[in-house]
Amino acid sequence: MANLEAYQEYQRIEDFEEDSPPGEEDLLVHVPEGLKDSWHHIKNLDNFFTRIYHFHQKNGFSCMMLSEFFELVQFLFVVTFTTFLFNCVEYDVLFANRAVNHTGPGQNPLDRNKVSLPDAILPSQQCTERIQENSWILFLLIMAAIFWIYRLVKVFCNTLSYWEIRQFYIKALKIRMDDLCNFTWQEVQDRLISLQREQQMCIHKKELTELDIYHRILRFKNYMVAMVNKSLLPVQLQLPLLGNLVFLTQGLKYNFELILFWGPGSLFQNKWNLHPKYKRAGNRLELAQKLSRVILLMGLANLLLCPFILVWQVLYAFFSYTEVIRREPGSLGARRWSLYGRLYLRHFNELDHELHGRLGRGYKPTSKYMNSFSSPLLAVLAKNVAFFSGSVLAVLIALTVYDEDVLTVQHILTAITVLGVVVTVTRSFIPDEHMVWCPEQLLQCVLAHIHYMPDHWRGTANKSETRDEVAQLLQYKAVFILEELLSPIVTPFILIFILRNRSLEIIDFFRNFTVEVVGVGDICSFAQMDIRRHGNPMWMSEGQTEASVYQQAENGKTELSLMHFTIKNPRWQPPQESSVFISHLKEKVHHDAQTGPPAQLLLSEAPLCASLLSNDSASAPDNLLASVLAHPVLTASGLPGRDRRFLPPSTAASAAASVLASLSGSQLPHAGRSRSHVHLASTNPDGPMYRSDRTFIDRNSPLSMSASDSRVHNTPLLTEFASAEMSLHAIYMHEVHQQSALPQRASGQWQNLVPMKDLNTTTGAHAVSLSMPTPLRLGGWTEEEEEDEGEEEINSGSTPKEDAKSSC
């Protein structure tokens with residue numbers, strides 16, 4: 001009887017093939033009482049964790065379902081209202097091209113010449129007849145109805161699914177819906193990891209790590225980031241007259257994901273496993289031909305649906321942006337991060353909200369850098385066009401103020417609107433007369449937040465070529481709208497004529513850079529942030545990596561991603577190779593800090609640096625970053641400073657090293673101690689890499705943080721400190737990379753890229769080490785960006801405090 005009761009405490013998993021690796025068919029999983037009908041053995045953990053993340057980011061069940069409901073209503077409104085405008089309005093009457101007989105009992109004779117809206121609207125019966133007589137309209141309405149019903153079913157399924165997620169938050173994670181907005185994602189993630197120890201959501205791994213959860217949520221996005229990083233996706237187009245352009249839209253990105261990840265004929269047999277045949281090199285040519293046919297069929301399908309998608313894009317853009325353009329014509333001249341920029345600048349294992357926050361901090365300095373360029377000839381033309389247009393506009397406005405009947409004159413309101421748009425647009429081309437020209441400092445501020453910058457940008461910040469490449473990352477909103485409108489036309493040709501030609505390279509990429517992780521499934525090997533396998537010796541990985549040029553992530557993507565993930569997830573225990581790299585970096589920081597300016601001097605200059613960077617309300621993390629960015633400028637300019645005449649010339653690298661070292665209270669490891677046994681501050685769950693248990697800054701300083709403060713998890717202040725710390729690391733690592741790259745450039749040891757080919761990525765110590773490739777322009781970068789959620793927004797904002805990092 002006791003054995004029977006013990007047996008009832010266990011439940012055999014029958015459908016193990018959903019989430020279990022082969023060979024674990026007889027695995028028994030303990031299910032705690034009270035949770036048997038809940039969330040043990042989740043069949044699709046990718047979908048489950050993704051929904052948990054989206055549920056948190058979209059502020060709960062009510063907000064999500066209300067948004068989806070209004071999306072249905074919005075689609076229905078666009079279709080209905082457009083059909084009404086095309087078939088139920090008599091425009092000859094509306095435009096007074098045809099007289100309307102108003103005679104009748106009770107009609108005021110003075111109103112006979114006035115046209116009202118009901119006069120221009122056809123009766124419902126006549127309207128219905130016109131719709132029925134137009135077969136083209138009927139066909140479009142049927143297609144729209146089918147799509148709307150599909151969306152309705154999907155919303156219903158999402159409602160059921162997210163109701164379960166709501167119950168999971170309340171019952172399993174113990175988070176009430178009223179308190180959801182008060183929890184950060186890191187706190188939700190910590191509760192997920194703790195819950196895994198109590199009940200096995202993942203049946204073949206006892207404990208989940210932060211990296212496991214990130215891999216589940218970002219499995220396909222990490223592949224996209226890696227393919228952009230290795231210049232595999234055809235998003236750079238070389239066009240006659242226009243030159244090198246970057247073209248990546250929502251529709252093109254959707255087609256890439258449909259072909260590669262989850263559509264019919266995709267490379268993945270389910271959400272977490274690459275099809276076994278793509279892991280073997282023997283039939284790579286046959287698989288490439290099959291993929292080429294899939295791409296061809298997808299391109300033809302896009303070509304067939306092009307008219308319908310184009311009509312929808314035009315209508316949606318018209319209803320979405322017309323009012324905004326009329327109210328704020330200058331909004332078309334504002335900028336937003338492009339989809340390509342979001343993929344290129346995205347770290348491996350960086351969630352949407354982390355990316356959005358980082359790019360939001362970098363928005364103002366990048367915009368100021370772009371606006372610092374001006375064309376003198378264009379400025380002269382803009383001033384004169386603005387003068388003439390403004391003069392005519394002023395007269396028309398004065399006349400309408402004197403007598404409002406002027407508005408009844410034909411096209412007078414149109415003229416006022418057009419002239420207002422012309423004045424607003426032309427003034428955007430007139431540079432600010434108070435602007436200071438300092439592109440190198442602005443670009444350094446940009447680098448502090450976006451973390452990635454090609455080598456050839458260094459020293460060429462004042463070149464128009466560099467500005468054009470930055471514009472590919474931060475594009476005009478008008479360009480974004482135009483690209484989305486052209487997307488239905490351009491996408492089929494990119495798929496048929498460009499992507500098909502890269503079928504073999506894509507097959508080789510997925511075979512060479514896919515690894516199987518226990519408890520996770522198949523992931524992109526770059527997402528492991530493995531220094532030995534994908535490190536770049538020119539990015540402080542020398543002696544620690546065995547990667548060839550083909551295996552290396554470009555532009556330090558592996559190293560910077562590892563640092564970003566370690567700082568954002570301080571409880572994460574890095575693997576051995578990653579721990580060695582972090583320890584080596586920490587040693588070098590302390591070594592370089594000894595030759596740099598004292599941290600006390602840098603911190604004492606923080607208020608002055610913040611004022612130089614135009615930030616009147618800088619916070620403590622901003623002051624840390626501002627002191628590093630401005631100190632080399634202060635020393636070079638000869639501005640007075642405390643004991644500066646006794647200090648050696650400093651660089652951004654030495655200044656960053658001093659500040660980073662000041663954040664650490666731990667001692668360097670002994671020289672004779674093995675690196676494999678070095679205790680890393682980054683594994684301390686109480687804070688970022690260099691945070692100590694004591695006060696690391698003078699208590700009288702505005703940057704002071706006590707030990708008790710440093711142990712408060714996930715507060716906004718700690719988040720800002722973590723972002724500032726990563727910015728300092730980005731500056732420091734880029735400076736060290738530049739220093740190590742100079743001897744290589746002088747000796748002419750650069751070599752060409754290794755082409756995409758069949759490669760055994762499990763190379764050992766005997767792997768051949770190749771030199772770093774010649775850096776390319778942005779259009780041909782061999783390196784790596786939506787929201788998914790925030791990508792459709794036309795506005796990209798930033799916090800007010802970022803003024804500190806946007807001017808000299």
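Figure 1. C157, by contrast, has a relative accessibility of 42% and counts as partly exposed. This is a predicted model, in which local features need pLDDT of at least 70 and side-chain atom pairs count only at pLDDT 80 or more, whereas totals for chains, interfaces and linings use all residues. Residues are numbered from 1 along each chain as its sequence is written, and side-chain values use heavy atoms, with hydrogens and water left out. A disulfide is taken to be a pair of cysteine sulfur atoms within 2.5 Å, and by this rule the count comes to one. The pair consists of C88 and C127, whose sulfur atoms are 1.6 Å apart.

Figure 2. With a relative accessibility of 18%, E90 counts as buried. The C-alpha atoms of E90 and L122 are separated by 6.6 Å, although the two residues are 32 residues apart along the chain. Not counting residues up to four places away in sequence, E90 touches R98, A120, L122 and R130, where contact means heavy atoms within 4.5 Å.

**Figure 3. Packing of helix α3 against helix α12.** Helix α3 (residues 61–87) and helix α12 (residues 284–327) pack at an angle of about 100°, and their axes lie 11 Å apart; axes are lines fitted to C-alpha atoms, for helices over the stretch in contact, and angles run from 0 to 180 degrees between N-to-C directions. The helices α3 and α12 are therefore roughly perpendicular to each other, on a scale where angles under 35 degrees count as roughly parallel, over 145 as roughly antiparallel, 65 to 115 as roughly perpendicular and the rest as oblique. From α3, the residues Q74, F75, V78, F81 and T82 meet W312, L315, Y316 and F319 of α12. The residues of this contact of α3 with α12 divide into seven nonpolar, two polar and no charged, with Ala, Val, Leu, Ile, Met, Phe, Trp, Tyr, Cys and Pro counted as nonpolar, Asp, Glu, Lys and Arg as charged, and the others, Gly among them, as polar.

**Figure 4. Crossing of helices α8 and α9.** The axes of helix α8 (residues 185–198) and helix α9 (residues 210–217) come within 10 Å and cross at roughly 110°, and α8 and α9 are therefore roughly perpendicular to each other. On the α8 side the contact is made by W185, Q186, Q189, L192 and I193, and on the α9 side by E210, I213, Y214 and I217. Six nonpolar, two polar and one charged residue make up the contact of α8 with α9.

**Figure 5. W185 and the nonpolar cores.** A nonpolar core is a set of buried Ala, Val, Leu, Ile, Met, Phe, Trp, Tyr and Cys residues joined through side-chain atoms within 4.5 Å. Of the 139 residues in the largest such core, I52, Y169, W185, M227, F510 and Y732 touch the most other members. Helix α29 (residues 716–747) gives the most to this core, with nine residues. Apart from it lies another core, of six residues, among them L393, L396, V406 and L419. Not counting residues up to four places away in sequence, W185 touches I52, Y53, H56, Q57, Y169, L192, I213, I217, L351 and H353.

Figure 6. Leaving aside neighbours within four places in sequence, S487 is in contact with F247, T249, G251, L252 and P492.

Figure 7. N349, in the loop between α13 (339–344) and α14 (352–371), has a positive phi of about 60° although it is not a glycine. M529, in the loop between β8 (521–524) and α21 (531–534), likewise is not a glycine and has a positive phi of about 55°. N349 counts as buried at 0% relative accessibility, and M529 is buried with a relative accessible area of 0%.

How values were computed:
Buried < 20%, exposed > 50% of the residue type's maximum accessible area, 1.4 Å probe, protein only. Helix = DSSP H or I, 4+ residues; strand = E, 2+ residues; numbered from the N terminus.
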